[in-house]
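Please consider the sequence and the three-dimensional structure shown below. A short report on selected features comes after them.

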Amino acid sequence: MTQLSSTDTDATTDAGAQADELREAWAARLADALGDGYVEHHIIPGGDLWVRVTRDSWTDAATAARDQLGCQFFDWLSAIDWLPSPYGRDMDAQEDNPQPKAADPMEQGHAGGQTRFQMVVRLYSITEHMGVTIKADLPKDDLSIDTLIQVYAGADWHEREAWEMFGIHFNSHPDLRHIYLPGEFEGNPLRKDFPLLARRVKPWPGIVDVELFPGEEGP
Amino acid sequence: MTAVGADQRQQMAYVATQAADARLNVEVETEGMTLNIGPQHPATHGTLRLVARLDGEQVVEAEPIMGYMHRGYEKLAEVRTYPQVTTLINRIDWLGSFANEVPFILAAEKLMEVEAPPRAQWIRTALFELSRIANITLFLGDMAVQLGALTPVFMAFRDREFVLNQIEAVTGGRFHPNFDRIGGLKDDLPQGWINDTKQAMEKIRDFCDEFEELVLGNEIFEARSRGIGIVPPEVGLSYGLSGANIRASGVDWDLRRDGHEALAYDQVDWKVWTHPDGDSFARYWVRLQETREATHIVDQLLDGLPSGPIMAKVPRIIKVPAGEAYAATENPLGEMGYYIVSKGDLVPFRVKIRSASFSNISITPWLLKGVYVPDIITILASLYFILGDIDR
């Protein structure tokens with residue numbers, strides 16, 4: 001919330017509290033609609049709402065968001081690969097990071113998660129001016145989920161992108177083809193274990209890049 | 001003014017075909033053909049390729065093929081520090097670059113729980129609107145040139161310079177300012193800039209008035225854009241259409257007014273323009289009104305500019321606390337947002353870029369079904385996309 005002058009502080013906090021109440025109400029309604037398919041939610045006061053559902057109730061969650069919460073607007077759909085980069089920090093210049101950090105344990109974000117790959121979709125209500133981010137875990141051995149095209153027609157291209165970038169299969173998607181990459185491209189570039197070749201070939205120069213003034217001693 | 005409606009035109013075409021058939025006394029058989037438009041075509045603003053399967057003059061199926069300019073910004077952002085990412089994302093929508101930086105910075109500020117001081121927010125908003133004007137003026141000329149009017153595009157390029165000069169005077173860059181910082185702005189405004197900008201806004205208003213007569217008042221333009229490419233509001237929303245495209249379908253929704261981001265739009269008096277028709281003409285009309293409205297927003301922002309610092313206190317080396325945040329703003333092309341996942345590092349763990357054109361163009365296979373070949377150009381032009389904003 002914008003707080004530019006002290007006079008409107010009360011008004012903005014009121015609006016903020018109202019918005020948070022609405023977020024609670026949204027989470028409760030999704031929980032009602034989905035039953036066992038609902039896992040948990042996370043609210044940042046004055047910020048945003050995250051809801052995690054099971055993979056099987058993915059389309060039900062989107063339908064409920066559209067029909068019961070009034071989220072008519074399809075914002076975007078994507079995935080997150082929670083694997084800590086196996087390449088660690090060796091892409092940074094060594095001068096910036098003398099001791100390469102040990103890889104972190106895998107740790108999921110808001111509304112939690114158990115698996116490496118997580119689907120994310122953001123839906124928005126143009127009447128309430130509020131959005132919800134819905135997540136779903138994908139089991140390691142079966143990276144597939146139902147398509148949302150029947151609920152939101154715009155999901156088509158976003159799912160094609162998630163398919164080629166993460167290798168997630170969308171069940172009953174009519175046209176799962178490459179959207180950005182050439183047809184013969186192999187691999188899923190946005191996976192954390194897909195190396196960024198430009199960085200592997202030529203490491204990021206970091207502070208080594210700074211040209212020395214004449215007469216100046218090197219680092 | 002005798003504007004010819006789409007129904008009327010279809011009827012005229014039908015009558016003409018009937019007459020031709022009668023003359024020739026043969027059955028007309030149409031043969032399907034595939035028409036490839038682009039990747040290098042003036043109507044594609046870059047390298048959008050369109051493959052259309054035609055039946056006679058009508059499109060049976062059209063499919064945009066993109067990726068010719070995919071640069072993988074989401075992957076590249078994972079190995080760059082937060083200040084370095086703004087340099088990259090400048091190049092997403094290259095006509096309104098400053099506007100690209102703002103939602104990213106806002107999302108990072110959300111995670112850091114930093115808010116830019118009022119003066120920085122006001123200057124940010126003013127520069128945001130200047131980017132919008134620089135971007136949309138070009139659209140106003142460009143759509144006209146695609147419908148066969150050559151003059152407007154030269155006027156658009158000419159008058160856009162007034163705005164670009166002002167952006168350059170503050171940021172040092174005409175197209176890629178890289179001026180927004182987490183916690184504020186790089187610099188304050190130069191001396192005399194406010195007056196110069198107000199004069200430039202005067203010129204842009206003249207430009208809008210001129211275009212209102214020159215383009216919107218033009219019979220050919222009206223005949224070629226009225227009733228062409230009608231987007232019903234609910235279809236548009238389910239495809240994720242945003243910005244002027246959805247407001248031209250009568251949806252009264254603008255993130256500048258309805259969003260909750262830390263910008264100064266709620267401090268000035270302005271209006272959201274909508275049009276009920278949802279056709280190509282409406283999209284042009286809404287954008288023209290928005291350009292004029294933007295000049296009023298800039299004027300008011302510059303009049304009421306608060307004094308004070310332009311940077312909040314942020315550490316020199318920026319580490320963003322772990323968490324997730326999404327921030328979106330009403331960019332010239334529509335809703336642009338960044339979903340940042342941070343693990344408390346110097347670099348973001350994952351950045352999802354929600355660019356407006358990608359969603360706006362995803363409606364084309366639906367919208368182009370059944371239209372005539374010349375209308376493809378009208379519809380693509382009126383949906384207005386920037387290739388960098390599709391391919392990212």
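## Basis of the model

This is a predicted model, in which local features need pLDDT of at least 70, side-chain atom pairs count only at pLDDT 80 or more, and totals for chains, interfaces and linings use all residues. Residues are numbered from 1 along each chain as its sequence is written, while chains are lettered from A and ligands numbered from 1 in the order in which they are written.

## Contact between chains A and B

In chain A, 32 residues are in contact with 34 residues of chain B (C-beta atoms, placed from the backbone, within 7 Å). Strand E3 (73-81) and helix H3 (155-166) of chain A are the elements that give two or more residues to the side touching chain B; E3(A) gives the most, with 6 residues. Helices (H or I, at least four residues) and strands (E, at least two) are DSSP runs, numbered from the N terminus.

## A sheet in chain B

Three strands of chain B form an open antiparallel sheet in the order E6-E7-E8; strands pair if DSSP finds at least two bridges between them. Strand E6 (323-331) and strand E8 (350-354) of chain B each have a single partner strand, so one side of each is left without a neighbour in the sheet.

E6(B) pairs with strand E7 (residues 334-342) of chain B over 9 bridges, in the antiparallel sense. Thr329(B) stands opposite Met336(B) in E7(B). Helix H4 (residues 97-112) of chain B lies across E6 and E7 of chain B, at about 150° to E6(B) (axes are lines fitted to C-alpha atoms, for helices over the stretch in contact, with angles from 0 to 180 degrees between N-to-C directions).

Methods. Contact = placed C-beta atoms within 7 Å.
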